[in-house]
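Hi,

Here is the structure I promised to pass on. My notes on it follow below; have a look when you get a moment.

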Amino acid sequence: MKYHNLENKLFFSFDKNYSANVKFNKPDKFRELEKLSIIENNLINTGSNLSYSPLSFGKGSTSILLTKFNRIVSFDKQNKEITVEAGMTLSQLLNFTLKYNLWIPQLPGYPFITLGGAIATNAHGKSCAIHGTIRKSIKKILIFHKNNGWLNLSENENKEIYDLTIGGLGLTGTIVNITFNLAEIKNSRFMTRKTKVANNNDCIKFIKKKSIEKNSFIYSWNIADNINDLGKGIIFENIPIQSENKTDKVNIFDNKLGKYLRLNFPIWNKFTVKIANKVFYLINGNLKRQKNIENFTQVIFPFYGKENYFNFFGKKGFFESQLLIPNENLDLFLDEFKYLFKIHYPTITLFSFKNMSGAQKLLRFEDNKICLTIDYTNNKTNRLFMTEIDKICIKYKILPSLIKDSRLQKITFDNCYPNADEFRKKLKLFDKDKIYKSETSLRLGL
Ligand SMILES: Cc1cc2nc3c(=O)[nH]c(=O)nc-3n(C[C@H](O)[C@H](O)[C@H](O)COP(=O)(O)OP(=O)(O)OC[C@H]3O[C@@H](n4cnc5c(N)ncnc54)[C@H](O)[C@@H]3O)c2cc1C
């Protein structure tokens, strides 16, 4: 039997490196979700499809789009608890909770990301050094699985599947409802302080020292367009303004993504990156501008309104790599990075450090380590350079993000994620037919 209401569309990964013609449906009710899941076979769950890597679609799979599952199920102000459907976006959630001075502090940086997508990737926000990942705010989850039916998941109920689901890339079934423990937020404005740093070492030292101070969100922007200035840059600290007691609405207009420039040719190249870096450093390093007030949207969703940064990579797209580096191997990693940089001279458009906290388990991108984010233009030299970095990741026990890097191979994944096989075994026990599959899950052999 076939499900009749399927639509077709060409889906792209956010980094544009993979596309596939995808069959999809947007169920609106429990029984529609059940019917679609029971009739179709190669399924995968899809939020807003904003993952850099193709996590929520693949060739031959049917995507269950959760767009219509975006309702508030219940809200308990007294106990600071909310139950929402998984297709709800971050901005939809915040525009409700902020009215009550409540929020979740572990929000990834773009307002149209869904809560289901954030949980299935165990997403984190700018304040991950103090608040960890979204896992910390979850109380319980309701999923529907084609073969296993409806299941309540929490620390006390179906704990194994609860653990597999958080950061489980949508492979344990459809997350339908989530109950969150909300945290208080007194105001929604931040004072942003900027500090210049001369190199990677100074930058990391500063970030480590500052990020343990409660309440400041801290990350860096570093130059990586030439070997002499590698790591020179600016550290940004977002400090909540304690004197105020007021939260504003999230200032988001509907799907901004659709409105940004669509370019077929790339703007980013060695020359334009150099110019952009010089201008950015000049503006942000200016002493007069070292402190300024920013609103909630500017701080929590830094890419909102700056989408052309991604579009400037053109049709060919880009690569993002996010690495969690153990403190004891940081110097060794940076030395080898520098050595390889001199040989390959890659074109890097973003180089940024932040501190992270948490406990790594299964597929989760989480640990007490330094997180380095790098964006590359899509060309042969950069791909070769990234392959060399993969080898260093294995050597120095560095964790590469599966969500960000769409070219990551199974061999790197197997060698960097100590629980890769444990995840496979547990998933197989739960779902021997491996019903839910994406390009990424197949590439990584999950
Ligand atoms: C501009 C930008 C900034 C970002 N910033 C950050 C950041 O700061 N920190 C961070 O951690 N990440 C960040 N991300 C990555 C983002 O948080 C994740 O890729 C997130 O999963 C995207 O959500 P989505 O709704 O688009 O999910 P999709 O991309 O559609 O899906 C992602 C995964 O979740 C699964 N999934 C989605 N919905 C469900 C559901 N209801 N049930 C079961 N599984 C489901 C899918 O199967 C897939 O495996 C950023 C992405 C962008 C584009």
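**What I found**

Buried residues (20 or more other C-beta atoms within 10 Å of their own, with C-beta atoms placed from the backbone) make up 46% of the 446 residues in the protein chain. Bear in mind that this is a predicted model, where local features need pLDDT of at least 70, side-chain atom pairs count only at pLDDT 80 or more, and totals for chains, interfaces and linings use all residues. Residues are numbered from 1 along each chain as its sequence is written.

The protein chain has 14 helices and 19 strands (DSSP runs, numbered from the N terminus: H or I of at least four residues for helices, E of at least two for strands).

Now the ligand. The shell around it has 33 residues, and Gly47, Gly116, Gly117, Ala120 and Gly170 come nearest (a residue is near if its C-beta atom, placed from the backbone, lies within 6 Å). Strand S3 (43-46), helix H3 (115-120) and strand S10 (174-181) each give two or more residues to this shell, and H3 gives the most, with four.

S10 also turns up in an open, antiparallel sheet of five strands, ordered S5-S6-S10-S8-S9 (two strands pair if DSSP finds at least two bridges between them). At the edges are S5 (72-76) and S9 (149-153), each pairing on one side only. S5 is joined to S6 (residues 81-85) by four bridges, and Phe75 stands opposite Ile82 in S6.

Cheers

Note on methods
Buried ≥ 20, exposed ≤ 12 C-beta atoms within 10 Å, placed from the backbone.
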